[in-house]
Each structure stands twice: as C-alpha cells, then as structure tokens.
Amino acid sequence: METRHLQLEGMGCAACASAIETAIQKVSGVDYCSVNFGAEQATVAYDQSHTSLEKIEQAVTQAGYRATPVVEWGDCEATACVPEAAAGQDLLQKVWVGGAVSTVLVFGSLPAMTGVYVPFIPTWLHHPWLQLVLTTPIVVWCGQSFFLGGWKAVRRGTADMNTLVALGTGTAYLYSLVVTLFPGLLTAQGLAAQVYYEAAAVVITLILLGRWLESRARGQTKAAIQKLMGLQAKTARVIRQGEEQDLPIQQVVVGDVIVVRPGEKIPVDGVVLGGKSVVDESMVTGESIPVTKQEGDEVIGATLNKTGSFQFRAQRVGKDTMLAQIVKLVQQAQGSKAPIQKVADRVIRWFVPVVLAIRGETPDLLPQIALLTFLLWFSFTGNLTLALMTMVGVLIIACPCALGLATPTSIMVGTGKGAEYGILIKDATSLELAGVVKTSW
C-alpha cells in the first residue's frame with residue numbers, strides 16, 4: 001500500500017474539498033483519502049497493483065481541479081520541497097485596489113442608502129455612469145477568479161463558493177447596468193432607478209481579503225517547515241578513492257565515509273568510525289548540553305559539531321534521515337483531521353446537499369432556492385429591487401466556508417508554530433486533546 005500527498009489547486013470552499021475527496025475515493029484501488037482544505041493537500045493511500053498516481057490525478061482533473069504530487073525529501077533541494085504559497089501578492093494588490101474603489105462607491109451611495117443628505121459628499125459621486133466606470137474593473141479584474149471558477153463549476157454540474165459569489169455580484173452588477181442604460185424601465189412602473197454597484201464591489205473585495213488572509217496563514221505555516229529543512233547541511237566532505245571531496249548533500253549515499261570538522265553541521269545520520277568530539281543535539285533532543293561522540297556512537301544529521309574532528313559512516317540519507325522524518329511528522333500533523341473537524345465535515349456533508357445541493361450527483365438546487373426567495377419577497381412586498389437584493393444575499397451567504405476552513409487552518413497554524421519553537425505535535429487529535437490538559441503543582 002503506497003501513501004502519497006498531492007498538492008491541490010482550484011479549491012474555493014469546503015464543498016470543493018468534499019468533491020475532490022469523493023472523486024478520489026471512487027478510483028478503484030484507493031483505500032483511503034483525506035483532503036485538507038486549509039493545507040490544500042490530499043493524503044491518498046492506494047494499492048499500486050490496482051491503480052496509479054496518474055489515474056488519481058486524472059480523477060481530480062475530471063472533477064475540475066488540479067493535483068500534483070508533493071516532492072519527497074531527497075528528490076529536490078531542501079527549500080524547493082515546500083510548495084509555493086498562493087499568489088498572495090496578486091491578491092493583496094487586488095484587495096488594495098478593490099478597497100479603495102469600494103470606499104469611494106460606499107461614500108457616494110450613503111445619501112441614497114440612508115435617505116439623509118450628507119453635505120461633504122458631492123451628488124455627482126453617486127452618478128450611475130461614474131459608478132459603472134469605477135465598478136467594472138473591480139468586477140472584471142478583481143473578480144475574474146470567481147467568474148471563471150463559477151463557470152467551471154457549472155460545466156461539471158456542481159456549485160461552489162465561486163458560483164455563489166459570481167451569481168450574487170454578477171446579478172447586482174447586471175441589474176445596476178440595466179438601470180443605468182434604461183432607467184425608464186423602472187420609473188415607468190413607479191420604481192426607483194436605484195443602482196447597487198457598491199454591493200458588487202464590496203462583496204468581491206471582502207472575499208478577496210479573506211482569501212489573502214488564508215494565503216498568508218498558509219505561507220507562515222509553510223515557512224516554519226522551510227526553517228526545519230534549512231537546518232540541513234548543504235554539502236558533505238566525503239572520502240572517495242582515498243581523497244576528500246566536497247559534494248552536494250543530494251549526492252551522499254549510504255556507506256560513504258564523511259569527515260566532519262569543528263563548527264560544521266553533520267550532514268546525514270551515521271555511526272562514528274574514528275575521532276572524538278562533542279555535538280550540540282539540542283535541535284533534536286532539546287538538551288542544551290553538548291554530547292560527547294566517539295567511535296561506535298550514532299550521530300544525527302543537521303546537529304552541530306563543536307570542538308573535535310571525526311569520521312563517520314553514512315547510514316541514513318535523504319528522506320530517511322531523522323530531520324526528514326521530523327519534517328514528515330509536522331506535515332502529516334498539518335494534514336490530519338481533529339475529532340472536531342470530523343464533526344464539522346459531517347455537518348457540511350448535510351448542509352451542502354440541503355442548502356446548496358452540490359454533493360455527488362444531486363442536482364444543484366441553489367438557483368431554485370434563490371428564485372423562490374425572489375418570488376416570495378416580490379409577492380409579499382411588490383418591491384422588485386428588495387426582492388432582487390434578497391435573492392443576491394441568499395446566493396452570497398449560503399456557503400459553509402468558515403465552517404470548513406476554521407479547523408484546518410487552526411491545525412496548520414498550531415502545528416507550524418509548535419515546530420517553530422521546537423515542539424513536535426503528532427497529529428490534530430493530540431493538538432485538540434492538549435486543550436483539555438490540566439496540571440497541578
């Protein structure tokens with residue numbers, strides 16, 4: 001049974017994670033699959049005689065997402081083993097632009113929204129054509145990921161957070177556009193020709209802000225792992241054919257005899273052949289007092305040789321070293337699910353089909369729910385604008401993203417911070433149990 005980790009792209013909410021998990025579990029030969037929305041990774045255990053990693057990746061692609069294998073330690077440079085964070089800089093730029101424009105639009109719309117004249121806000125700031133010019137770049141540029149993601153979801157017959165945002169903001173924008181171009185259509189029916197450009201701009205900006213905060217949290221957590229990987233030595237002085245050679249750490253193989261001089265990091269795990277020294281192993285054991293090493297003693301890669309010089313034979317290299325196992329432990333802890341998250345997943349599995357109806361092959365009921373909301377409000381109030389805005393509200397808020405994101409993000413941050421301070425947390429269950437530990441002195 002092979003276990004691999006896949007880096008996922010294209011997820012927009014907890015429903016996406018559930019869809020990917022379902023798609024992978026349907027592949028013949030897959031024994032176990034767990035998708036962590038916060039870490040954007042899938043952990044898959046599968047029988048190599050019945051399926052392959054390529055087939056699993058194809059299943060993810062057919063579900064409308066993208067999966068790439070996480071590079072194993074030893075197959076790359078240490079710093080390259082950490083997947084790159086999402087394009088946080090691009091998100092931040094869009095948040096700044098969207099925030100500035102949204103502020104102008106909201107201030108310009110205050111008199112219309114409150115019905116109160118505000119002396120310092122010029123009336124031309126609420127002119128429909130000006131608001132159209134200001135809002136269009138926000139919808140087209142800042143919101144393009146929502147509309148593209150929503151379209152992909154429609155093509156595969158499902159709905160996700162992108163669908164909700166695209167429908168909600170798109171409806172508000174198109175309604176306002178019609179009012180701007182043909183105001184007489186509403187005034188002829190005795191309705192106010194009111195535009196809602198600020199609603200589309202503000203919603204897009206706030207959701208982008210949330211995604212940037214998620215990206216920032218993931219980046220900080222991955223930085224903790226990268227610091228662990230950075231502890232590894234970059235080169236090793238290996239004795240080959242009677243000569244000492246400085247080789248990249250990736251070229252060291254089991255059985256090589258390695259020379260370590262004072263002040264150098266021990267490159268890999270092994271056993272001392274000759275010489276004597278003291279080694280600082282605090283990065284592994286937490287013990288601040290250096291340990292004496294002589295012939296026959298084991299040494300650990302990434303620990304620091306202090307005074308003497310010695311030779312040792314490499315026993316574990318690459319992904320088999322103790323440092324690599326520590327990094328793997330942290331990554332597994334970040335990808336694990338706490339008991340409380342399993343409860344949240346069960347809630348989501350019922351919440352999504354009932355409210356959004358996007359589980360498995362169930363037809364998407366979201367348009368019908370939104371349409372029913374519109375018809376009920378319009379029937380009872382006769383106010384087209386109010387009914388339309390209520391429908392938009394249903395489209396935007398009816399996704400349990402916070403429910404599905406909060407726990408995995410907390411696990412990522414908790415385990416990452418622990419690793420940063422030298423505390424290794426076995427899994428999410430241990431992290432949750434730590435919250436109820438009581439001590440007495």
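I first looked up the handedness and found that α4 passes α6 in a left-handed crossing, left-handed being the case where the near helix is turned anticlockwise from the far one by less than a right angle. The model is predicted, with local features needing pLDDT of at least 70 and side-chain atom pairs counting only at pLDDT 80 or more, while totals for chains, interfaces and linings use all residues. Residues are numbered from 1 along each chain as its sequence is written, and side-chain values use heavy atoms, with hydrogens and water left out.

I then read off the contact (heavy atoms within 4.5 Å): α4 contributes Pro-128, Trp-129, Leu-132, Thr-135, Thr-136 and Val-139, and α6 contributes Tyr-173, Leu-177, Thr-180 and Leu-181. For the geometry, I noted that the axes of α4 (residues 128-142) and α6 (residues 161-181) come within 11 Å and cross at roughly 150°. That makes α4 roughly antiparallel to α6, a term for angles over 145 degrees.

Next I searched the whole structure for aromatic pairs and got three, a pair being rings of Phe, Tyr or Trp (its six-membered ring) with centres within 6.5 Å, called stacked under 30 degrees between planes, edge-to-face over 60 and tilted for the rest. One of them joins Tyr-173 and Tyr-197 edge-to-face, at 5.9 Å centre to centre and 65° between the planes. Tyr-173 lies in α6 and Tyr-197 in α8 (residues 197-229), so this pair ties together parts that are 24 residues apart in sequence. I found both Tyr-173 and Tyr-197 buried (under 20% relative accessible area, 1.4 Å probe, protein chains only).

Terms used:
Axes fitted to C-alpha atoms, helices over the stretch in contact; angles between N-to-C directions. Helix = DSSP H or I, 4+ residues; strand = E, 2+ residues; numbered from the N terminus. Parallel < 35°, antiparallel > 145°, perpendicular 65-115°, else oblique. Buried < 20%, exposed > 50% of the residue type's maximum accessible area, 1.4 Å probe, protein only.
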